[in-house]
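Subject: A structure for you to look through

Hello,

Here is the structure we talked about. Please open it and keep it beside this email as you read.

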Amino acid sequence: MGSADSKLNFRKAVIQLTTKTQPVEATDDAFWDQFWADTATSVQDVFALVPAAEIRAVREESPSNLATLCYKAVEKLVQGAESGCHTEKERQIILNCCRLLTRILPYIFEDPDWRGFFWSTVPGAGRGGGDEDDENARPLAESLLLAVTDLLFCPDFTVQSHRRSTVDTAEDIHSIDSCEYIWEAGVGFAHSPQPNYIHDLNRTELLKLLLTCFSEAMYLPPSSDSSNTNPWVQFFCSAENRHALPLFTSLLNVVCAYDPVGYGIPYNHLLFSDYREPLVEEAAQVLIVTLDYDSSTSSSPTVDGTTTGTAMDDVDPPGPDNLFVNYLSRIHREEDFQFILKGVARLLSNPLVQTYLPNSAKKIQFHQELLVLFWKLCDFNKKFLFFVLKSSDVLDILVPILYFLNDARADQSRVGLMHIGVFILLLLSGERNFGVRLNKPYSVRVPMDIPVFTGTHADLLIIVFHKIITSGHQRLQPLFDCLLTIVVNVSPYLKSLSMVAANKLLHLLEAFSTTWFLFSAVQNHHLVFFLLEVFNNIIQYQFDGNSNLVYAVIRKRNVFHQLANLPTDSQAIQKGLQRKKRTPEPISRTNSQEGVSMEGSRPAAPAEPGTLKTSLVATPGIDKLTEKSQVSEDGTMRSLEPESLQSSPEGNPSSAVSDGEPWSGVRPDNLEASHPRRDRRRLSSASSSGQWTPSPDWVMSWKSKLPLQTIMRLLQVLVPQVEKICIDKGLTDESEILKFLQHGTLVGLLPVPHPILIRKYQANSGTAMWFRTYMWGVIYLRNVDPPIWYDTDVKLFEIQRV
């Protein structure tokens with residue numbers, strides 16, 4: 001009965017607060033204690049008993065009471081942190097204040113007039129304690145953050161006490177070295193503490209409050225000015241926070257050490273509550289928010305390779321002021337990298353785990369946060385990136401990403417997931433080792449609705465990309481450039497493509513090179529340049545193992561001849577644009593199994609109507625996202641100066657879209673075969689509004705630069721030979737032709753090989769802002785119990801229904 005009574009008392013206190021028009025004195029403890037002293041309310045209770053309308057009413061009508069409530073709640077947290085909260089009653093007060101502040105803070109942030117409130121000083125709260133003059137008083141926000149960090153290392157509340165003793169000799173919270181109390185073994189810490197579910201629950205509540213403090217960013221509109229740092233995160237990650245290092249390590253280790261499947265007992269997640277998972281989710285979210293740092297504006301915090309000593313030395317390197325970014329960039333021990341990579345790969349692969357018993361294994365839901373974390377690790381710590389690429393372990397990251405991309409391609413509510421997956425692959429593809437690793441045979445059978453094939457991880461990547469381009473939804477079109485750039489980057493290293501993948505690449509070229517598609521938007525021809533570059537790289541650098549691709553090129557030779565003879569006169573251009581959809585001749589299936597999807601796979605489904613999604617800012621064009629590097633003969637890369645590219649647009653297919661204009665929403669005819677009734681947008685947003693129409697000069701400007709020489713030479717040499725064999729031997733069986741092509745050579749017959757060009761991802765403020773809106777959108781949508789930010793006036797993104 002006590003619980004119902006305490007809820008009633010708590011509700012009465014809330015009503016009193018909202019109905020009192022006179023300010024209540026801060027010294028009236030009897031009144032204020034009703035909110036935290038006698039109650040045992042869960043966080044869900046607090047959200048139910050403190051309605052949004054009432055918080056806003058107090059904010060508007062009796063602001064001083066709201067101010068005092070916040071101040072008194074923070075004061076209780078500070079007192080608890082000072083005393084070390086040894087009694088059950090003190091701990092309950094701490095949790096109640098946490099829940100109350102988590103409920104109220106979003107309503108403080110949504111009102112611009114209140115935003116500075118927590119950064120104002122409170123009389124008597126001196127920085128050095130004691131009654132100093134108010135000059136030295138700490139802002140309320142700082143007191144709150146420092147109290148929460150102290151409480152996260154509070155013996156017997158959030159960490160195991162190292163002393164077995166009575167309350168009298170309990171540890172002084174200010175004298176303990178929190179580095180000895182790191183929550184989990186892993187980076188820089190070898191001891192794994194005994195799991196304690198009460199500690200996990202308490203940590204989760206405190207982290208939820210921290211995340212709410214950091215969420216002020218949600219209430220500011222997106223801006224290109226990356227210098228506007230989040231003051232909460234800035235202070236929390238500064239040297240003022242004496243627990244910064246152990247807290248960073250605790251969050252990272254708790255995430256990377258988590259194993260959702262545990263002992264592998266089927267259905268064990270239905271029998272036992274997993275108190276670790278909510279903590280791991282919260283830790284992952286706090287971690288990615290603290291790492292929200294624009295590396296393009298600063299000197300990059302990557303290590304120069306000269307550090308020695310412990311996992312993270314105490315020497316101050318010239319790194320960012322954000323200590324979390326600093327620590328992340330300085331991890332360098334192989335065993336730490338191995339621990340992080342194995343942990344992230346284990347968690348990303350978890351949703352793919354196939355079991356014979358349906359729903360018998362626990363599936364995690366925080367893969368988007370993990371992808372952001374992995375991105376930050378690679379972006380801020382180049383040593384980690386090289387470690388990931390130096391073994392086949394990178395494929396344990398690649399396969400889950402391809403699975404998520406394929407699974408989300410038809411779902412409008414998961415556009416953000418598609419983007420981050422593609423961004424990570426773009427970043428990885430800038431390194432030669434990634435292309436080399438893709439040659440490993442693909443044997444794991446993750447159920448995906450793609451054609452069955454026998455081949456390598458490169459085949460898997462190409463087949464999934466083809467599926468995204470041909471059967472994803474319209475909003476994925478800005479990603480086509482990125483997808484094809486990734487294929488271009490890896491193409492010089494692909495030793496042997498399967499017939500299925502080779503046909504997919506030619507199908508894309510066939511679709512993108514129709515006159516209707518080429519003439520309907522100003523940048524559509526770039527896709528053809530990318531694909532030709534892929535074929536040229538493979539023919540020049542990997543001819544020997546790629547008889548399947550060479551055979552596919554020979555069979556589709558008419559596509560290349562049509563490109564070479566593309567009409568450039570006005571009449572032909574108009575005719576090309578008016579060609580209504582004819583049903584395209586489907587690519588002939590050389591492999592009878594090609595149409596069969598993998599066993600156990602489900603088709604990619606669109607979002608359920610009514611699904612919530614958050615809007616995203618536009619991403620920069622591919623030329624802003626990447627910079628070009630040339631691979632020298634010894635394998636080293638040198639960056640190409642932009643000036644040297646001016647003269648060679650075919651080497652820079654993106655030169656025309658430098659202002660990042662959006663795609664025209666056009667999809668080539670033959671890509672729509674699977675969705676004949678898809679509503680086609682206007683042929684071109686540009687031509688219909690009169691801004692841009694294709695002209696003969698424009699077509700000539702890029703047609704003359706199509707890199708067709710290598711392929712034309714190959715066709716010139718091989719087509720007569722293949723035709724002769726067919727006539728002489730009466731061949732109808734392609735295996736004989738493939739055998740001939742395998743043993744053929746073009747040494748000395750092809751043009752001099754072109755230098756390999758790699759487009760490497762480069763940090764820029766556009767993607768930094770994209771990551772910020774994406775990350776907070778994920779956090780907003782994932783925190784539904786309790787719904788911390790739901791129905792508040794968020795400005796960083798819009799909440800939309802599919």
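Below is what was found in it, topic by topic.

This is a predicted model: local features need pLDDT of at least 70, side-chain atom pairs count only at pLDDT 80 or more, and totals for chains, interfaces and linings use all residues. Residues are numbered from 1 along each chain as its sequence is written, and side-chain values use heavy atoms, with hydrogens and water left out.

**Overall**

The protein chain has 34 helices and seven strands. These are DSSP runs, numbered from the N terminus (helices: H or I, at least four residues; strands: E, at least two). The chain has 802 residues, and 57% of them count as buried. Buried means under 20% relative accessible area, exposed over 50%, and partly exposed in between (1.4 Å probe, protein chains only). The protein chain exposes about 33400 Å². Carbon and sulfur atoms supply 52% of that area. Areas come from the Shrake-Rupley method with a 1.4 Å probe; for residues, only the protein chains shown count as cover.

**Strands**

Look at strand E6, residues 756-761. Five of its six residues are buried. Strand E4 (residues 626-631) runs antiparallel to E6, and six bridges join them. Two strands pair if DSSP finds at least two bridges between them. Gln630 stands opposite Leu757 in E6.

**Aromatic pairs**

The structure holds 37 aromatic pairs. Rings of Phe, Tyr and Trp (its six-membered ring) pair if their centres lie within 6.5 Å; planes under 30 degrees apart count as stacked, over 60 as edge-to-face, and the rest as tilted.

One of the pairs is Phe153 with Trp183, which is tilted: 6.1 Å centre to centre, with 40° between the planes. Both residues lie in the loop between helix H7 (140-151) and helix H8 (197-214), so the pair ties together parts that are 30 residues apart in sequence. Phe153 and Trp183 are both buried.

Phe337 and Phe384 make an edge-to-face pair, 5.6 Å centre to centre and 65° between the planes. Phe337 is in helix H14 (residues 334-349) and Phe384 in helix H16 (residues 382-389), so this pair ties together parts 47 residues apart in sequence. Phe337 counts as buried because its relative accessibility is 3%. Phe384 is buried too, at 1%.

Ring pairs also link Phe109, Trp114, Phe117, Phe118, Trp119, Tyr219 and Trp232 into a cluster.

**Salt bridges**

How many salt bridges are there? The count comes to 33. The rule is a side-chain nitrogen of Lys or Arg within 4 Å of a carboxyl oxygen of Asp or Glu.

Glu75 and Lys72 meet in one, at 3.4 Å from N to O. Both lie in helix H5 (residues 63-83), three residues apart, about one turn of the helix. Glu75 is partly exposed, at 23% relative accessible area. Lys72 is buried, at 8%.

Glu184 forms a salt bridge with Arg276, the closest N and O atoms being 3.0 Å apart. This pair links distant parts of the chain: Glu184 is in the loop between H7 and H8, Arg276 in helix H12, 92 residues apart. Glu184 and Arg276 are both buried.

**Surface**

Which residues form a nonpolar patch on the surface? They are Tyr197, Ile198, Leu201 and Tyr275, with about 350 Å² of accessible area together. Patches are made of residues with over 30% relative accessible area and no salt bridge; like charges are joined within 9 Å, nonpolar side chains (Val, Leu, Ile, Met, Phe, Trp, Tyr) within 5 Å. Tyr275 sits in the loop between helix H11 (268-271) and helix H12 (276-290).

Best wishes
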